[in-house]
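Here's a quick briefing for anyone opening this structure for the first time. Take a look at it below, then read on.

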Amino acid sequence: MAATPPATYAPAPEAVSLDAAFVRARTSARAAARPEAVLADPSASIPAKLDALNALQDRIPGLPRAPQAAALNALADAAGPAQPPQVRALALTLLGESVPPVLDADARARAVLVLLDALKEPDYRLFALRGLGPASHGLTPAMEPVYESALLDLLDGPAAGEERETALVALNGFVSGGLDFAQRAPQLLTVLEARLQAPIAADPAAFVRDPRWTPDSRELAAAILWLASRRQEEAGDSAPTARFKALMIRLIAVDPDAAARAWYASYRDAPPPKPGFTASTTSRPSDGRDEP
């Protein structure tokens with residue numbers, strides 16, 4: 001990253017006075033007791049705010065619906081520009097990790113939108129991507145196409161290295177969201193094939209030469225596309241699997257990386273789903289509207 005907030009990873013002082021240790025203990029206790037207040041306090045120290053973020057994340061799974069939504073919204077607020085860079089960076093990651101257990105659909109959707117908006121800021125993009133991976137398991141139906149499109153847009157651009165690989169991990173989590181994916185949202189798998197697989201199939205040699213696509217990221221792309229075609233085959237449509245396996249054969253012929261070729265071969269040779277397989281519904285959070 002161009003400007004990773006340096007204080008996030010600053011080393012601890014070699015020695016701390018007893019008085020300073022007591023102050024730190026009192027600050028941590030306040031952050032645990034009233035994390036929202038600490039985050040809203042412009043005079044609070046950065047360590048206190050970081051403690052408050054961790055305290056909010058820790059308590060979210062056990063809260064009732066309304067306080068849970070308020071806690072997630074507080075994390076979303078902390079991911080905004082009013083906070084110091086170190087606080088924003090951690091808030092983005094913890095925000096995504098906190099999305100899946102939250103019952104309130106509106107709070108989940110707002111959190112995902114905050115993460116997607118942060119993709120526009122190069123200094124915070126990687127932190128947002130780290131949050132988007134776990135957030136993929138808490139998407140509302142309306143947010144699914146928005147989420148997929150944002151990640152595919154990123155992959156169409158110049159993102160490389162860890163950013164590209166983290167985006168691919170998030171996309172893999174999205175496609176892994178449930179065995180009912182092909183029935184619930186078949187258009188999302190169609191979009192994935194059109195935007196990720198079709199350009200690779202148009203020129204496999206250009207794909208493997210592209211410096212943005214390292215061997216690791218090429219393997220991740222193949223894993224995502226295999227899983228997507230598998231979901232469609234499980235739903236009764238074997239044509240996407242045939243197209244995917246044909247692509248693997250072409251990539252094996254042009255990819256210079258032996259490890260990547262081995263992955264392609266494993267997907268090419270993967271057996272079909274067992275006869276009689278029936279996709280079950282995935283376990284996703286309720287939208288919370290009918291929750292007590």
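**Around Gln232**

Leaving aside residues up to four places away in sequence, Gln232 touches Ala182, Leu189, Asp237 and Pro240, where contact means heavy atoms within 4.5 Å. Keep in mind that this is a predicted model, where local features need pLDDT of at least 70, side-chain atom pairs count only at pLDDT 80 or more, and totals for chains, interfaces and linings use all residues. Residues are numbered from 1 along each chain as its sequence is written, and side-chain values use heavy atoms, with hydrogens and water left out.

- Gln232 sits in helix α13 (residues 215-234); helices here are DSSP runs of H or I with at least four residues, strands runs of E with at least two, numbered from the N terminus.
- With a relative accessible area of 11%, Gln232 is buried (under 20% relative accessible area, 1.4 Å probe, protein chains only).

**The whole chain**

- You'll find 15 helices and 0 strands in the chain.
- Of its 292 residues, 46% count as buried.
- Looking at contacts between residues at least 6 apart in sequence, 68% join residues at least 24 apart.

**Helices α5 and α6**

- Helix α5 (residues 85-98) packs against helix α6 (residues 105-118) at an angle of about 140 degrees, and their axes are 10 Å apart.
- The contact brings together Leu92, Leu95 and Gly96 of α5 with Ala111, Val114, Leu115 and Ala118 of α6.
- Those contact residues split into 6 nonpolar, 1 polar and no charged (Ala, Val, Leu, Ile, Met, Phe, Trp, Tyr, Cys and Pro count as nonpolar, Asp, Glu, Lys and Arg as charged, and the others, Gly among them, as polar).

Terms used: Buried < 20%, exposed > 50% of the residue type's maximum accessible area, 1.4 Å probe, protein only. Axes fitted to C-alpha atoms, helices over the stretch in contact; angles between N-to-C directions.
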